[in-house]
Amino acid sequence: MQRESMDVDVLIVGAGPAGLSCALHLANRIRQHDEAVAAGTESGSALGERMIAVVEKAEVIGAHTLSGSVINPKGLDELVPDWKEKGAPVSKAVTDDQFWLLSKTGKIAAPIIPPPLKNAGNYIVSLNKLVVWLAEQAEAAGVSLFPAFPAREPLYDGDRMIGVRLNDQGVDRNGQPKATFEPGLDLHAKVTVLAEGTRGSITKMVLPKFGLDTGKQPQIYAVGVKELWEMPDGSVDEGRVIHTLGFPLTTDQYGGGWAYNMEGNILSLGFVVGCDYKDPRFDPHAAFTRYKQHPAVAELLKGGKAVRYGAKTIPEGGLNSMPKLAFNGGVIVGDSAGFLNAQKLKGTHLAIKSGMMAADAIFEALKVDRFDATQLGAYQTAFESSWAHDELHGVRNFRQAFTGGLLPGLVRAGIQVVTGGLDPFTRPMHADYAEMEPISKHGGEAPHDPTGRKPVWSNTDLPPTPPVRFDGALGIDKLTDVFLSGTIHEENQPVHLLVADTTICQTRCAAEYGNPCQHFCPAAVYEMVPDGNAADGGKKLQINASNCVHCKTCDIMDPYQIITWVTPEGGGGPKYFNM
(Lines give C-alpha, C1' and ligand atoms only; values in the text may rest on other atoms or scores of the structure.)
Protein backbone atom coordinates (compact mmCIF):
# COMPACT_ATOMS: atom_id res chain seq x y z
CA MET A 1 0.00 0.00 0.00
CA GLN A 2 1.32 3.41 -0.97
CA ARG A 3 1.22 5.74 2.02
CA GLU A 4 2.00 9.41 2.08
CA SER A 5 4.15 10.79 4.87
CA MET A 6 4.37 14.17 6.52
CA ASP A 7 7.17 15.61 8.62
CA VAL A 8 6.52 17.72 11.71
CA ASP A 9 8.85 18.90 14.43
CA VAL A 10 6.82 17.77 17.44
CA LEU A 11 3.88 15.38 17.28
CA ILE A 12 1.46 15.14 20.20
CA VAL A 13 -0.92 12.17 20.27
CA GLY A 14 -4.02 13.16 22.21
CA ALA A 15 -5.69 16.52 22.83
CA GLY A 16 -6.46 16.27 26.52
CA PRO A 17 -5.18 18.56 29.29
CA ALA A 18 -1.65 17.10 29.18
CA GLY A 19 -1.22 17.13 25.40
CA LEU A 20 -2.64 20.61 24.88
CA SER A 21 -0.64 22.03 27.79
CA CYS A 22 2.52 20.58 26.29
CA ALA A 23 1.69 22.10 22.89
CA LEU A 24 0.78 25.52 24.29
CA HIS A 25 3.76 25.79 26.63
CA LEU A 26 6.20 24.67 23.93
CA ALA A 27 4.82 27.18 21.43
CA ASN A 28 5.16 29.91 24.04
CA ARG A 29 8.73 28.91 24.93
CA ILE A 30 9.79 29.00 21.27
CA ARG A 31 8.15 32.39 20.70
CA GLN A 32 9.66 33.90 23.85
CA HIS A 33 13.10 32.54 22.94
CA ASP A 34 13.01 33.91 19.41
CA GLU A 35 11.82 37.33 20.62
CA ALA A 36 14.66 37.43 23.15
CA VAL A 37 17.23 36.45 20.50
CA ALA A 38 15.90 39.15 18.17
CA ALA A 39 16.10 41.72 20.99
CA GLY A 40 19.65 40.67 21.85
CA THR A 41 18.76 39.69 25.42
CA GLU A 42 19.43 36.01 24.84
CA SER A 43 22.30 34.31 23.02
CA GLY A 44 22.01 31.53 20.50
CA SER A 45 20.02 31.11 17.33
CA ALA A 46 16.31 31.60 16.82
CA LEU A 47 14.36 28.37 16.44
CA GLY A 48 12.06 29.92 13.85
CA GLU A 49 8.74 28.48 12.85
CA ARG A 50 8.37 24.94 14.15
CA MET A 51 5.41 22.73 13.42
CA ILE A 52 3.76 21.41 16.58
CA ALA A 53 0.97 19.03 15.55
CA VAL A 54 -1.69 17.52 17.81
CA VAL A 55 -3.68 14.55 16.51
CA GLU A 56 -6.89 13.56 18.30
CA LYS A 57 -9.22 10.63 17.67
CA ALA A 58 -12.42 12.50 18.64
CA GLU A 59 -14.51 14.23 15.99
CA VAL A 60 -13.90 17.58 17.70
CA ILE A 61 -11.41 18.56 20.37
CA GLY A 62 -12.77 17.73 23.84
CA ALA A 63 -15.45 15.28 22.74
CA HIS A 64 -13.65 12.38 24.44
CA THR A 65 -12.63 14.32 27.56
CA LEU A 66 -14.34 13.19 30.76
CA SER A 67 -13.70 13.77 34.45
CA GLY A 68 -15.54 14.46 37.72
CA SER A 69 -14.35 17.22 37.82
CA VAL A 70 -13.09 19.31 40.71
CA ILE A 71 -9.70 20.73 39.78
CA ASN A 72 -6.81 22.20 41.67
CA PRO A 73 -5.89 25.34 39.66
CA LYS A 74 -2.17 25.06 40.46
CA GLY A 75 -1.22 23.69 37.06
CA LEU A 76 -3.39 26.17 35.19
CA ASP A 77 -1.86 29.03 37.21
CA GLU A 78 1.57 28.07 35.87
CA LEU A 79 0.46 27.40 32.30
CA VAL A 80 -1.69 30.52 31.79
CA PRO A 81 -1.18 32.86 34.74
CA ASP A 82 -3.90 35.23 33.48
CA TRP A 83 -6.45 32.50 32.76
CA LYS A 84 -9.21 34.41 34.54
CA GLU A 85 -8.72 37.46 32.36
CA LYS A 86 -8.62 35.25 29.27
CA GLY A 87 -12.00 33.75 30.09
CA ALA A 88 -11.12 30.19 31.05
CA PRO A 89 -14.31 28.26 31.91
CA VAL A 90 -13.20 27.87 35.52
CA SER A 91 -15.52 30.04 37.56
CA LYS A 92 -17.42 28.00 40.12
CA ALA A 93 -15.30 27.79 43.26
CA VAL A 94 -16.04 25.09 45.83
CA THR A 95 -17.97 26.68 48.68
CA ASP A 96 -19.14 23.66 50.68
CA ASP A 97 -17.48 20.28 51.33
CA GLN A 98 -19.46 17.32 52.63
CA PHE A 99 -18.48 13.71 53.28
CA TRP A 100 -21.14 11.04 53.70
CA LEU A 101 -20.86 7.48 54.99
CA LEU A 102 -23.67 5.45 53.45
CA SER A 103 -25.30 2.35 54.89
CA LYS A 104 -27.88 0.42 52.90
CA THR A 105 -30.64 2.90 53.67
CA GLY A 106 -29.10 5.68 55.75
CA LYS A 107 -26.23 8.16 55.84
CA ILE A 108 -23.92 9.77 58.35
CA ALA A 109 -22.59 13.20 57.39
CA ALA A 110 -19.08 13.41 58.81
CA PRO A 111 -18.68 16.40 61.16
CA ILE A 112 -15.03 16.70 60.10
CA ILE A 113 -13.95 16.49 56.46
CA PRO A 114 -10.89 14.25 55.93
CA PRO A 115 -7.98 16.48 54.85
CA PRO A 116 -7.59 14.85 51.38
CA LEU A 117 -11.23 15.68 50.61
CA LYS A 118 -11.05 19.35 51.52
CA ASN A 119 -11.46 21.44 48.38
CA ALA A 120 -10.92 25.01 49.52
CA GLY A 121 -9.40 26.91 46.60
CA ASN A 122 -10.51 24.32 44.04
CA TYR A 123 -13.07 24.68 41.26
CA ILE A 124 -15.94 22.61 39.88
CA VAL A 125 -15.54 22.53 36.10
CA SER A 126 -16.54 20.81 32.91
CA LEU A 127 -13.23 19.35 31.77
CA ASN A 128 -14.65 19.17 28.26
CA LYS A 129 -15.11 22.95 28.25
CA LEU A 130 -11.66 23.53 29.75
CA VAL A 131 -10.01 21.40 27.07
CA VAL A 132 -11.88 23.25 24.32
CA TRP A 133 -10.57 26.52 25.78
CA LEU A 134 -7.01 25.16 26.00
CA ALA A 135 -7.25 24.12 22.35
CA GLU A 136 -8.23 27.68 21.42
CA GLN A 137 -5.20 29.05 23.29
CA ALA A 138 -2.90 26.52 21.62
CA GLU A 139 -4.24 27.24 18.15
CA ALA A 140 -3.82 30.97 18.71
CA ALA A 141 -0.19 30.27 19.64
CA GLY A 142 0.40 28.55 16.29
CA VAL A 143 -0.22 24.90 17.19
CA SER A 144 -1.80 22.76 14.44
CA LEU A 145 -4.77 20.69 15.67
CA PHE A 146 -6.05 17.65 13.78
CA PRO A 147 -9.25 16.16 15.27
CA ALA A 148 -10.70 12.92 13.85
CA PHE A 149 -7.19 11.59 13.11
CA PRO A 150 -6.61 8.57 15.39
CA ALA A 151 -3.11 7.11 15.69
CA ARG A 152 -3.01 3.39 14.93
CA GLU A 153 0.57 2.30 15.58
CA PRO A 154 4.01 3.67 16.43
CA LEU A 155 6.73 4.06 13.80
CA TYR A 156 10.33 3.19 14.58
CA ASP A 157 13.74 3.58 13.05
CA GLY A 158 15.79 1.01 14.89
CA ASP A 159 15.73 1.88 18.58
CA ARG A 160 14.09 5.27 18.07
CA MET A 161 10.46 6.25 17.72
CA ILE A 162 9.97 8.48 14.70
CA GLY A 163 6.21 9.10 14.75
CA VAL A 164 2.92 7.29 14.25
CA ARG A 165 0.79 5.85 11.48
CA LEU A 166 -2.76 7.15 11.40
CA ASN A 167 -5.77 4.91 10.93
CA ASP A 168 -6.89 3.97 7.46
CA GLN A 169 -10.24 5.57 6.66
CA GLY A 170 -13.03 4.00 4.62
CA VAL A 171 -12.52 0.30 5.38
CA ASP A 172 -15.55 -1.99 5.71
CA ARG A 173 -16.19 -4.48 8.49
CA ASN A 174 -14.50 -7.24 6.48
CA GLY A 175 -11.32 -5.22 6.04
CA GLN A 176 -12.02 -4.33 2.43
CA PRO A 177 -11.61 -0.77 1.10
CA LYS A 178 -14.78 1.20 0.39
CA ALA A 179 -15.18 3.85 -2.29
CA THR A 180 -14.13 6.45 0.30
CA PHE A 181 -10.93 4.59 1.27
CA GLU A 182 -7.92 6.69 2.26
CA PRO A 183 -4.76 5.06 3.61
CA GLY A 184 -3.56 6.45 6.91
CA LEU A 185 -0.81 9.02 6.80
CA ASP A 186 2.62 8.34 8.29
CA LEU A 187 3.48 11.27 10.54
CA HIS A 188 7.20 11.62 11.18
CA ALA A 189 8.45 13.75 14.06
CA LYS A 190 11.65 14.63 15.87
CA VAL A 191 9.76 14.05 19.12
CA THR A 192 6.49 12.21 19.74
CA VAL A 193 4.51 13.05 22.88
CA LEU A 194 2.16 10.31 24.05
CA ALA A 195 -0.81 12.03 25.68
CA GLU A 196 -3.49 9.43 24.96
CA GLY A 197 -5.07 9.27 28.40
CA THR A 198 -5.58 6.11 30.40
CA ARG A 199 -4.25 2.88 28.87
CA GLY A 200 -3.17 4.58 25.67
CA SER A 201 -3.06 2.13 22.78
CA ILE A 202 0.21 3.51 21.36
CA THR A 203 1.69 3.84 24.86
CA LYS A 204 0.84 0.21 25.51
CA MET A 205 3.03 -0.79 22.53
CA VAL A 206 5.87 1.62 23.34
CA LEU A 207 6.34 0.60 27.00
CA PRO A 208 7.73 -2.90 26.32
CA LYS A 209 9.63 -1.74 23.24
CA PHE A 210 11.84 0.51 25.39
CA GLY A 211 11.48 -1.34 28.72
CA LEU A 212 9.94 1.76 30.30
CA ASP A 213 7.98 -0.14 32.95
CA THR A 214 10.71 -2.65 33.83
CA GLY A 215 11.02 -2.93 37.61
CA LYS A 216 7.81 -1.00 38.19
CA GLN A 217 4.65 -2.27 39.84
CA PRO A 218 1.86 -2.87 37.34
CA GLN A 219 -0.45 0.06 36.77
CA ILE A 220 -3.78 -0.43 38.52
CA TYR A 221 -7.02 1.29 37.64
CA ALA A 222 -10.49 2.31 38.72
CA VAL A 223 -13.50 2.65 36.46
CA GLY A 224 -15.74 5.66 36.88
CA VAL A 225 -19.25 6.19 35.55
CA LYS A 226 -20.90 9.59 35.49
CA GLU A 227 -24.17 11.28 34.61
CA LEU A 228 -25.07 14.93 34.34
CA TRP A 229 -28.50 15.74 35.76
CA GLU A 230 -30.52 18.78 34.83
CA MET A 231 -32.23 19.98 38.00
CA PRO A 232 -35.19 22.29 38.65
CA ASP A 233 -34.41 25.99 38.99
CA GLY A 234 -33.14 26.88 42.42
CA SER A 235 -32.63 23.29 43.56
CA VAL A 236 -28.86 23.24 43.06
CA ASP A 237 -26.65 24.80 45.71
CA GLU A 238 -23.84 25.82 43.35
CA GLY A 239 -20.38 25.12 44.68
CA ARG A 240 -21.33 22.21 46.92
CA VAL A 241 -19.15 19.09 46.74
CA ILE A 242 -20.26 15.79 48.28
CA HIS A 243 -18.10 12.66 48.46
CA THR A 244 -19.47 9.36 49.73
CA LEU A 245 -18.09 6.08 51.03
CA GLY A 246 -19.84 2.79 51.69
CA PHE A 247 -23.00 1.61 49.97
CA PRO A 248 -23.31 -0.07 47.52
CA LEU A 249 -19.78 -1.46 47.85
CA THR A 250 -18.75 -4.21 50.23
CA THR A 251 -15.90 -3.80 52.68
CA ASP A 252 -13.49 -5.64 50.36
CA GLN A 253 -14.09 -3.21 47.48
CA TYR A 254 -12.42 0.16 46.97
CA GLY A 255 -14.37 3.13 45.68
CA GLY A 256 -17.01 5.75 46.34
CA GLY A 257 -19.33 8.33 44.85
CA TRP A 258 -19.60 12.05 44.28
CA ALA A 259 -22.15 14.77 43.67
CA TYR A 260 -20.86 18.13 42.44
CA ASN A 261 -23.19 21.07 41.99
CA MET A 262 -22.26 22.93 38.83
CA GLU A 263 -23.50 26.14 37.27
CA GLY A 264 -26.79 26.32 35.42
CA ASN A 265 -28.78 23.90 37.60
CA ILE A 266 -26.53 20.99 36.60
CA LEU A 267 -25.52 18.25 39.04
CA SER A 268 -22.53 16.03 38.25
CA LEU A 269 -23.10 12.59 39.77
CA GLY A 270 -20.61 9.76 39.57
CA PHE A 271 -19.31 6.56 41.05
CA VAL A 272 -15.79 5.09 41.01
CA VAL A 273 -14.73 1.55 41.89
CA GLY A 274 -11.28 -0.03 41.86
CA CYS A 275 -10.80 -2.59 39.10
CA ASP A 276 -9.22 -5.07 41.54
CA TYR A 277 -12.57 -6.41 42.77
CA LYS A 278 -12.93 -10.19 43.14
CA ASP A 279 -16.44 -11.07 41.95
CA PRO A 280 -16.52 -11.53 38.15
CA ARG A 281 -20.24 -10.70 38.16
CA PHE A 282 -19.73 -7.30 39.74
CA ASP A 283 -21.08 -4.62 37.44
CA PRO A 284 -19.88 -1.01 37.99
CA HIS A 285 -22.82 0.43 36.06
CA ALA A 286 -25.27 -1.62 38.11
CA ALA A 287 -23.55 -0.42 41.29
CA PHE A 288 -23.92 3.18 40.08
CA THR A 289 -27.63 2.52 39.54
CA ARG A 290 -28.03 1.21 43.09
CA TYR A 291 -26.09 4.24 44.30
CA LYS A 292 -28.61 6.59 42.67
CA GLN A 293 -31.46 4.65 44.29
CA HIS A 294 -30.07 5.12 47.81
CA PRO A 295 -32.51 7.40 49.68
CA ALA A 296 -29.93 10.12 50.36
CA VAL A 297 -28.71 10.24 46.77
CA ALA A 298 -32.21 9.93 45.34
CA GLU A 299 -33.17 13.02 47.34
CA LEU A 300 -30.41 14.97 45.62
CA LEU A 301 -31.84 13.97 42.23
CA LYS A 302 -35.48 14.69 43.05
CA GLY A 303 -37.18 16.46 40.18
CA GLY A 304 -34.15 16.12 37.92
CA LYS A 305 -33.45 14.38 34.64
CA ALA A 306 -30.31 12.66 33.38
CA VAL A 307 -29.07 14.41 30.24
CA ARG A 308 -25.57 13.03 29.68
CA TYR A 309 -23.56 9.89 30.50
CA GLY A 310 -19.95 8.80 30.30
CA ALA A 311 -17.41 6.33 31.63
CA LYS A 312 -13.63 6.22 31.85
CA THR A 313 -10.84 4.41 33.60
CA ILE A 314 -8.44 6.12 35.99
CA PRO A 315 -4.77 5.18 36.67
CA GLU A 316 -4.37 4.78 40.42
CA GLY A 317 -1.03 3.03 40.89
CA GLY A 318 0.78 6.25 41.70
CA LEU A 319 4.50 6.85 41.74
CA ASN A 320 5.35 3.15 42.14
CA SER A 321 3.60 2.32 38.86
CA MET A 322 4.80 5.23 36.74
CA PRO A 323 7.04 4.24 33.82
CA LYS A 324 10.16 6.05 32.73
CA LEU A 325 8.91 9.23 31.11
CA ALA A 326 11.38 9.63 28.24
CA PHE A 327 12.83 7.36 25.56
CA ASN A 328 14.58 7.72 22.23
CA GLY A 329 12.33 10.00 20.22
CA GLY A 330 9.52 10.51 22.68
CA VAL A 331 7.99 11.24 26.08
CA ILE A 332 4.84 10.21 27.97
CA VAL A 333 2.57 12.67 29.79
CA GLY A 334 -0.70 12.82 31.74
CA ASP A 335 -2.85 9.79 32.44
CA SER A 336 -0.80 7.73 29.97
CA ALA A 337 2.07 8.02 32.46
CA GLY A 338 -0.09 7.74 35.58
CA PHE A 339 -0.09 11.38 36.72
CA LEU A 340 -2.94 11.10 39.22
CA ASN A 341 -3.23 11.66 42.96
CA ALA A 342 -5.40 8.70 43.98
CA GLN A 343 -5.81 10.00 47.52
CA LYS A 344 -7.54 13.15 46.29
CA LEU A 345 -8.79 11.64 43.00
CA LYS A 346 -7.35 14.60 41.11
CA GLY A 347 -5.09 14.59 38.10
CA THR A 348 -5.83 17.59 35.87
CA HIS A 349 -3.28 19.86 37.58
CA LEU A 350 -0.70 17.08 37.41
CA ALA A 351 -1.48 16.41 33.74
CA ILE A 352 -0.96 20.09 32.93
CA LYS A 353 2.31 20.17 34.86
CA SER A 354 3.55 17.01 33.13
CA GLY A 355 2.85 18.56 29.74
CA MET A 356 4.75 21.70 30.71
CA MET A 357 7.78 19.79 32.00
CA ALA A 358 7.84 17.69 28.83
CA ALA A 359 7.62 20.88 26.74
CA ASP A 360 10.59 22.38 28.58
CA ALA A 361 12.68 19.29 27.81
CA ILE A 362 11.59 19.29 24.16
CA PHE A 363 12.42 22.99 23.86
CA GLU A 364 15.98 22.36 25.03
CA ALA A 365 16.23 19.36 22.68
CA LEU A 366 15.17 21.53 19.73
CA LYS A 367 17.88 24.04 20.58
CA VAL A 368 20.60 21.38 20.29
CA ASP A 369 18.80 19.25 17.67
CA ARG A 370 19.14 16.11 19.77
CA PHE A 371 16.23 13.85 20.70
CA ASP A 372 17.59 10.72 22.37
CA ALA A 373 16.54 9.37 25.76
CA THR A 374 19.38 11.14 27.53
CA GLN A 375 18.49 14.57 26.16
CA LEU A 376 14.75 14.14 26.63
CA GLY A 377 15.48 12.67 30.06
CA ALA A 378 15.61 16.27 31.29
CA TYR A 379 11.83 15.80 31.60
CA GLN A 380 12.32 12.98 34.10
CA THR A 381 14.87 15.05 36.02
CA ALA A 382 12.54 18.04 36.13
CA PHE A 383 9.70 15.88 37.37
CA GLU A 384 11.78 14.40 40.17
CA SER A 385 12.54 17.87 41.53
CA SER A 386 9.04 19.31 41.04
CA TRP A 387 6.04 19.87 43.26
CA ALA A 388 4.24 17.22 41.19
CA HIS A 389 6.73 14.59 42.35
CA ASP A 390 6.51 15.82 45.94
CA GLU A 391 2.72 15.48 45.82
CA LEU A 392 2.79 11.99 44.33
CA HIS A 393 5.57 10.85 46.67
CA GLY A 394 3.41 11.76 49.66
CA VAL A 395 0.63 9.45 48.43
CA ARG A 396 2.80 6.78 46.80
CA ASN A 397 1.31 3.95 48.86
CA PHE A 398 -2.24 5.23 49.20
CA ARG A 399 -4.01 2.93 46.78
CA GLN A 400 -1.92 -0.06 47.89
CA ALA A 401 -3.20 0.44 51.44
CA PHE A 402 -6.63 -0.83 50.45
CA THR A 403 -5.55 -4.23 49.13
CA GLY A 404 -6.54 -5.77 52.46
CA GLY A 405 -10.02 -4.26 52.55
CA LEU A 406 -11.70 -0.94 53.25
CA LEU A 407 -11.37 -0.69 57.03
CA PRO A 408 -7.67 -1.67 57.26
CA GLY A 409 -7.10 0.61 54.28
CA LEU A 410 -8.63 3.60 56.05
CA VAL A 411 -6.38 3.00 59.04
CA ARG A 412 -3.29 2.68 56.87
CA ALA A 413 -4.25 5.72 54.80
CA GLY A 414 -4.56 7.73 58.02
CA ILE A 415 -1.10 6.60 59.11
CA GLN A 416 0.29 7.61 55.71
CA VAL A 417 -1.02 11.16 56.17
CA VAL A 418 1.13 11.41 59.31
CA THR A 419 4.19 9.62 57.87
CA GLY A 420 4.23 11.40 54.51
CA GLY A 421 3.27 8.27 52.61
CA LEU A 422 5.55 5.81 54.40
CA ASP A 423 3.78 2.50 54.99
CA PRO A 424 5.62 -0.51 56.48
CA PHE A 425 2.75 -2.82 55.52
CA THR A 426 2.93 -2.11 51.79
CA ARG A 427 2.95 -5.14 49.54
CA PRO A 428 3.41 -5.18 45.76
CA MET A 429 0.31 -4.68 43.67
CA HIS A 430 -0.90 -7.14 41.06
CA ALA A 431 -2.54 -6.27 37.77
CA ASP A 432 -6.28 -5.78 38.23
CA TYR A 433 -7.31 -8.72 36.06
CA ALA A 434 -5.17 -11.05 38.20
CA GLU A 435 -7.29 -10.21 41.26
CA MET A 436 -10.50 -11.56 39.73
CA GLU A 437 -11.61 -14.88 41.26
CA PRO A 438 -13.36 -17.81 39.56
CA ILE A 439 -17.12 -17.60 39.53
CA SER A 440 -17.34 -20.83 41.53
CA LYS A 441 -16.33 -18.74 44.57
CA HIS A 442 -19.22 -16.35 43.95
CA GLY A 443 -22.28 -18.53 43.40
CA GLY A 444 -21.57 -19.98 39.97
CA GLU A 445 -21.04 -23.51 38.71
CA ALA A 446 -17.68 -25.16 39.21
CA PRO A 447 -15.62 -25.07 36.01
CA HIS A 448 -16.50 -28.70 35.23
CA ASP A 449 -19.83 -30.09 36.38
CA PRO A 450 -19.14 -33.81 37.12
CA THR A 451 -22.81 -34.68 36.74
CA GLY A 452 -22.89 -33.42 33.18
CA ARG A 453 -26.28 -31.83 33.82
CA LYS A 454 -25.32 -28.36 32.62
CA PRO A 455 -23.03 -27.21 29.84
CA VAL A 456 -20.14 -25.02 30.93
CA TRP A 457 -21.63 -21.94 29.30
CA SER A 458 -24.50 -21.86 31.81
CA ASN A 459 -22.50 -19.42 33.95
CA THR A 460 -23.14 -16.75 31.33
CA ASP A 461 -26.78 -16.64 32.46
CA LEU A 462 -25.96 -15.51 35.99
CA PRO A 463 -27.19 -11.98 36.79
CA PRO A 464 -24.77 -9.22 37.75
CA THR A 465 -23.76 -8.70 41.36
CA PRO A 466 -25.26 -6.78 43.06
CA PRO A 467 -28.82 -7.11 41.70
CA VAL A 468 -30.26 -3.94 40.26
CA ARG A 469 -33.67 -2.50 39.41
CA PHE A 470 -34.03 -0.45 36.24
CA ASP A 471 -37.07 1.79 36.55
CA GLY A 472 -36.30 4.26 33.78
CA ALA A 473 -35.97 7.16 36.23
CA LEU A 474 -33.08 6.67 38.66
CA GLY A 475 -32.43 3.21 37.26
CA ILE A 476 -31.22 3.84 33.71
CA ASP A 477 -30.09 0.80 31.72
CA LYS A 478 -26.76 0.68 29.89
CA LEU A 479 -28.16 1.15 26.39
CA THR A 480 -30.08 4.26 27.41
CA ASP A 481 -26.97 5.65 29.06
CA VAL A 482 -24.97 4.92 25.90
CA PHE A 483 -27.55 7.00 24.02
CA LEU A 484 -27.04 9.80 26.56
CA SER A 485 -23.28 9.64 25.94
CA GLY A 486 -23.83 10.66 22.32
CA THR A 487 -21.78 7.69 21.15
CA ILE A 488 -21.79 7.14 17.41
CA HIS A 489 -19.54 4.93 15.29
CA GLU A 490 -19.66 4.19 11.59
CA GLU A 491 -21.26 0.72 11.62
CA ASN A 492 -19.52 -0.62 8.53
CA GLN A 493 -15.93 -0.55 9.76
CA PRO A 494 -13.60 -3.15 11.31
CA VAL A 495 -14.34 -3.96 14.95
CA HIS A 496 -11.85 -2.02 17.08
CA LEU A 497 -12.04 -4.48 19.99
CA LEU A 498 -9.74 -7.30 19.00
CA VAL A 499 -10.31 -10.66 20.70
CA ALA A 500 -7.38 -12.99 20.03
CA ASP A 501 -9.32 -16.23 20.55
CA THR A 502 -13.12 -16.20 20.85
CA THR A 503 -13.23 -19.92 21.63
CA ILE A 504 -11.84 -19.03 25.06
CA CYS A 505 -14.95 -16.87 25.57
CA GLN A 506 -17.22 -19.79 24.74
CA THR A 507 -15.40 -22.39 26.82
CA ARG A 508 -12.85 -21.50 29.50
CA CYS A 509 -14.08 -17.99 30.30
CA ALA A 510 -17.73 -19.06 30.38
CA ALA A 511 -16.92 -21.87 32.80
CA GLU A 512 -14.33 -20.17 34.97
CA TYR A 513 -15.53 -16.55 35.10
CA GLY A 514 -19.00 -16.46 33.56
CA ASN A 515 -17.84 -14.05 30.82
CA PRO A 516 -17.25 -10.99 33.05
CA CYS A 517 -16.97 -8.71 29.99
CA GLN A 518 -20.78 -8.55 29.87
CA HIS A 519 -20.70 -7.11 33.40
CA PHE A 520 -17.57 -4.95 33.66
CA CYS A 521 -18.19 -3.09 30.41
CA PRO A 522 -20.23 0.05 31.23
CA ALA A 523 -21.60 0.34 27.69
CA ALA A 524 -23.08 -3.11 26.83
CA VAL A 525 -20.42 -3.77 24.19
CA TYR A 526 -19.95 -7.45 25.05
CA GLU A 527 -22.87 -9.85 24.91
CA MET A 528 -23.17 -13.62 25.00
CA VAL A 529 -25.84 -14.67 22.50
CA PRO A 530 -27.18 -18.08 21.40
CA ASP A 531 -24.88 -19.86 18.98
CA GLY A 532 -27.09 -21.41 16.34
CA ASN A 533 -24.25 -23.65 15.23
CA ALA A 534 -23.68 -25.18 18.67
CA ALA A 535 -25.22 -28.63 19.13
CA ASP A 536 -25.51 -28.15 22.91
CA GLY A 537 -27.28 -24.81 22.62
CA GLY A 538 -24.23 -22.90 23.77
CA LYS A 539 -23.47 -19.22 23.39
CA LYS A 540 -21.00 -17.14 21.46
CA LEU A 541 -19.53 -13.69 21.95
CA GLN A 542 -21.16 -10.78 20.15
CA ILE A 543 -19.28 -7.47 20.14
CA ASN A 544 -21.49 -4.39 19.85
CA ALA A 545 -18.57 -2.14 18.96
CA SER A 546 -20.79 0.80 18.06
CA ASN A 547 -21.68 1.14 21.78
CA CYS A 548 -18.06 1.64 22.88
CA VAL A 549 -17.40 4.78 24.96
CA HIS A 550 -13.60 4.32 24.78
CA CYS A 551 -13.11 3.70 28.51
CA LYS A 552 -10.62 0.79 27.96
CA THR A 553 -12.11 -1.24 30.85
CA CYS A 554 -12.12 -4.39 28.70
CA ASP A 555 -8.44 -4.05 27.84
CA ILE A 556 -7.68 -3.78 31.56
CA MET A 557 -10.10 -6.27 33.12
CA ASP A 558 -10.18 -9.23 30.72
CA PRO A 559 -8.86 -12.13 32.88
CA TYR A 560 -7.11 -13.79 29.91
CA GLN A 561 -5.73 -10.55 28.43
CA ILE A 562 -6.93 -11.50 24.96
CA ILE A 563 -8.87 -8.26 24.35
CA THR A 564 -6.95 -5.42 22.76
CA TRP A 565 -8.56 -2.01 22.37
CA VAL A 566 -7.41 -0.15 19.25
CA THR A 567 -8.57 3.16 17.82
CA PRO A 568 -11.64 3.01 15.57
CA GLU A 569 -12.17 5.08 12.46
CA GLY A 570 -11.63 8.78 13.12
CA GLY A 571 -14.44 10.77 14.65
CA GLY A 572 -16.25 7.82 16.22
CA GLY A 573 -17.04 7.47 19.90
CA PRO A 574 -18.77 9.47 22.62
CA LYS A 575 -19.54 13.17 22.59
CA TYR A 576 -18.87 14.37 26.11
CA PHE A 577 -20.05 17.93 25.65
CA ASN A 578 -20.24 19.81 28.97
CA MET A 579 -18.93 16.74 30.84
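**Exercise 1. The crossing of α7 and α10**

Task: In this predicted model, find the handedness of the crossing of α7 and α10. Then classify the angle between the axes and sort the contact residues.

Solution. 
- Step 1. The crossing of α7 and α10 is left-handed.
- Step 2. Locate the helices: α7 spans residues 348-368, and α10 spans residues 387-394. Their axes come within 10 Å and cross at roughly 140°.
- Step 3. Classify the angle. The antiparallel class needs an angle over 145 degrees, and the perpendicular class ends at 115. Therefore α7 is oblique to α10.
- Step 4. List the contacts. From α7 come His349, Leu350, Lys353 and Met357. They meet Trp387, Ala388, Glu391 and Leu392 in α10.
- Step 5. Sort the residues of this contact: 5 are nonpolar, 1 is polar and 2 are charged.

**Exercise 2. Cysteines and disulfides**

Task: How many disulfides does the model contain? Check Cys517 and Cys554 one by one.

Solution. 
- Step 1. Apply the cut-off: a disulfide needs two cysteine sulfur atoms within 2.5 Å. The count comes to 0 disulfides.
- Step 2. Take Cys517. Cys517 has a relative accessible area of 8%, so it is buried.
- Step 3. Take Cys554. With a relative accessible area of 7%, Cys554 is buried.

**Exercise 3. The surroundings of Phe520**

Task: Is Phe520 buried or exposed? Which residues does it touch?

Solution. 
- Step 1. Phe520 sits in helix α14, residues 517-520.
- Step 2. Buried means under 20% relative accessible area. Phe520 has 1%, so it is buried.
- Step 3. List the contacts, leaving out residues up to four places away in sequence. Phe520 touches Tyr277, Phe282, Pro284, Met436, Thr553, Cys554, Met557 and Asp558.
- Step 4. Check one distance. Leu497 is 23 residues from Phe520 along the chain, and their C-alpha atoms are separated by 15 Å.

**Exercise 4. Helix α4 and its cover**

Task: Which residues of α4 are buried, and what covers them?

Solution. 
- Step 1. In α4 (residues 201-210), the buried residues include Ser201, Ile202, Thr203, Val206 and Leu207.
- Step 2. The cover includes β9 (151-157), β10 (160-166) and β13 (186-194). It also includes β19 (326-327), β20 (330-332) and β24 (563-565).
- Step 3. Look just past the helix. Gly211 takes a positive phi of about 60°.

**Exercise 5. Backbone checks**

Task: Locate the cis peptide bonds at Ser69 and Pro248. Then examine the positive phi values of Asp369 and Lys552.

Solution. 
- Step 1. Gly68 and Ser69 are joined by a cis peptide bond with omega about 5°. Ser69 belongs to the loop between β2 (52-56) and β3 (70-71).
- Step 2. The bond from Phe247 to Pro248 is also cis, with omega near 5°. Pro248 is in the loop between β15 (240-246) and β16 (255-261).
- Step 3. Asp369 is not a glycine, yet its phi is positive, about 55°. It lies in the loop between α7 and α8 (373-376). Its relative accessibility is 53%, so Asp369 counts as exposed.
- Step 4. Lys552, another residue other than glycine, has a positive phi near 75°. It is in the loop between β23 (539-543) and α15 (553-557). Its relative accessible area is 6%, so Lys552 is buried.

Terms used: Residues numbered from 1 in each chain as written. Predicted model: local features only at pLDDT ≥ 70, side-chain atom pairs only at ≥ 80, totals over all residues. Heavy atoms only, no water. Axes fitted to C-alpha atoms, helices over the stretch in contact; angles between N-to-C directions. Helix = DSSP H or I, 4+ residues; strand = E, 2+ residues; numbered from the N terminus. Parallel < 35°, antiparallel > 145°, perpendicular 65-115°, else oblique. Left-handed = near helix turned anticlockwise from the far one by under 90°. Contact = heavy atoms within 4.5 Å. Nonpolar A, V, L, I, M, F, W, Y, C, P; charged D, E, K, R; others polar. Buried < 20%, exposed > 50% of the residue type's maximum accessible area, 1.4 Å probe, protein only.
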